[in-house]
Amino acid sequence: MKKNLLNVFLLLFVGVLFTQCKKDEYEVIKITKMISVEAMRALPVGVSKAIEAKKTGKIYIYNDYLLINEPYEGIHIYNNANPSSPVNIAFLKIPGNVDLAVRNDILYADSFIDLLAFDISNMSSIKQVKRLNDVFKQVYSTGVQKYLYYTKDTVVKKQRYTGVVNDISAYSSSSSQSGSSGQGGSMARFTLMNDYLYTVGMYELGLFDVKDASSPSYVKSINLGWGVETIFPYDNKLFIGTNTGMHIFNAVDAANPVKLSTYSHVFACDPVVVQGKYAYVTLRTGTFCRQTVNQLEVVDIEDPTKPKQVALYQMQNPHGLSISGNNLFLCEGNFGIKSFNISDNKAIGSNMLQHLQTVKSFDVIAGPKSLIVTGEDGVYQFNYSNASNLKQMSLIKVK
């Protein structure tokens, strides 16, 4: 009965949802589609020639490559050796994909309810090496035959719709700390650490053994309660953002992470990044959070069993964030992107270095060669050697 109620909730949650207008008479809406698991697994998967993205999702950097997810469609692959001139080299079609992570030339990606592994050692000849079935079960329908639900952008004549903005498919990839791994943004729901791939769904932490990178194996899942949003690895710990707080897990025993504490806050959307003995948490209005809180919180985690807030700063609509040295880069959604000096994290509010108001920003990676920012019109790259004067290097536009 509980599972049926969950599925009913999900159907309502990802129903027909308004997203944006096209001209005066038409608009793009999200319509819920149903597909059988059997039909889903028969959909074509694999690498093809480069195409332009119609929409950007999660971003990930691996060596000289920039990987850009197009929600539900697959992954656009760019040679980013020169961030001033990224080259679109291939498209990896993965139906139902929204998340990714890479370790030792093996790319892990979700395909609806399955986890796929690809050998990307030769980008011109990417090969699927593994599929793990039924590991992401949030969008199942019960019955004799299994079905799942997904949303599809559809152009229709303008009407009035009520409901909430769809954000149900927010798996992603985070920065990694073991093996030859890549780096993702703060909206992450996938991360790699200590020979394990960790994923978070809406209510659970999933563990996959990737010691043999090309043959991942599912280990187990840990219930976290409803509202899980992001995951960030740091110093053998997992920091899991939820819409009511931040869980801290000790992952020294990588196969058996142990919960140390929960830092609670008001109900709000919540990504988190960590540096040293401090965690930086953004809370925002929007999507299904429906609160009036827009702020950056600084949390002392020196004793991870007793996290405590040490500072709070009002923001406009904070989304993703990234740290490099003494600089914090914070996405403000439709209000731009900001950079701060955080050498004194009790005075961040008075130490803003720059505010670029023209870039609608949602997530950011402070990479080794550039600051990579996802915006409404594409993926920006900035030279951030001077955090007070970000200089645009390139823009990968969406259609």
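# Chatting through a predicted model

User: How many aromatic pairs does the structure hold?

Analyst: The structure holds 6 aromatic pairs. Rings of Phe, Tyr and Trp (its six-membered ring) pair if their centres lie within 6.5 Å. Planes under 30 degrees apart count as stacked, over 60 as edge-to-face and the rest as tilted.

User: What kind of pair do F329 and Y384 form?

Analyst: F329 and Y384 form an edge-to-face pair. The distance is 5.4 Å centre to centre, with 85° between the planes.

User: Where do F329 and Y384 lie?

Analyst: F329 is in strand β28 (residues 327-331), and Y384 is in the loop between β33 (378-383) and β34 (391-397). So the pair ties together parts that are 55 residues apart in sequence. Helices (H or I, at least four residues) and strands (E, at least two) are DSSP runs, numbered from the N terminus.

User: Are those two buried or exposed?

Analyst: Both F329 and Y384 are buried. Buried means under 20% relative accessible area, exposed over 50%, partly exposed in between (1.4 Å probe, protein chains only).

User: Which residues form an aromatic cluster?

Analyst: F136, F190, F208 and Y218 form one aromatic cluster.

User: Before we go on, what kind of model is this?

Analyst: This is a predicted model: local features need pLDDT of at least 70, side-chain atom pairs count only at pLDDT 80 or more, and totals for chains, interfaces and linings use all residues. Residues are numbered from 1 along each chain as its sequence is written, and side-chain values use heavy atoms, with hydrogens and water left out.

User: OK, the whole protein. How many helices and strands?

Analyst: The protein has 2 helices and 34 strands.

User: And what share of the residues is buried?

Analyst: Buried residues make up 55% of the 399 residues in the protein.

User: What about the accessible surface of the protein?

Analyst: The accessible surface is about 16800 Å². Carbon and sulfur atoms account for 49% of that surface. These areas come from the Shrake-Rupley method with a 1.4 Å probe; for residues, only the protein chains shown count as cover.

User: Switching to strands. In what order do β27, β28, β29 and β30 sit in their sheet?

Analyst: These 4 strands form an open sheet in the order β27-β28-β29-β30, with antiparallel pairing. Two strands pair if DSSP finds at least two bridges between them.

User: Which are the edge strands?

Analyst: β27 (321-324) and β30 (352-356) are the edge strands, and each pairs on one side only.

User: How many bridges join β29 to β30?

Analyst: There are 4 bridges between β29 (residues 337-341) and β30, and the two run antiparallel. Within that pairing, K338 stands opposite H355 in β30.

User: New topic. How many salt bridges are there?

Analyst: The structure holds 11 salt bridges. A salt bridge is a side-chain nitrogen of Lys or Arg within 4 Å of a carboxyl oxygen of Asp or Glu.

User: What do K369 and D64 do?

Analyst: Their side chains meet in a salt bridge (3.0 Å, N to O). This pair links distant parts of the chain, 305 residues apart. K369 is in the loop between β31 (361-366) and β32 (371-375), while D64 is in the loop between β4 (59-62) and β5 (65-70).

User: Last one. Where does G185 lie?

Analyst: G185 is in the loop between β14 (183-184) and β15. G185 counts as buried because its relative accessibility is 3%. G185 and A366 are 181 residues apart in sequence but 8.8 Å apart in space, C-alpha to C-alpha.
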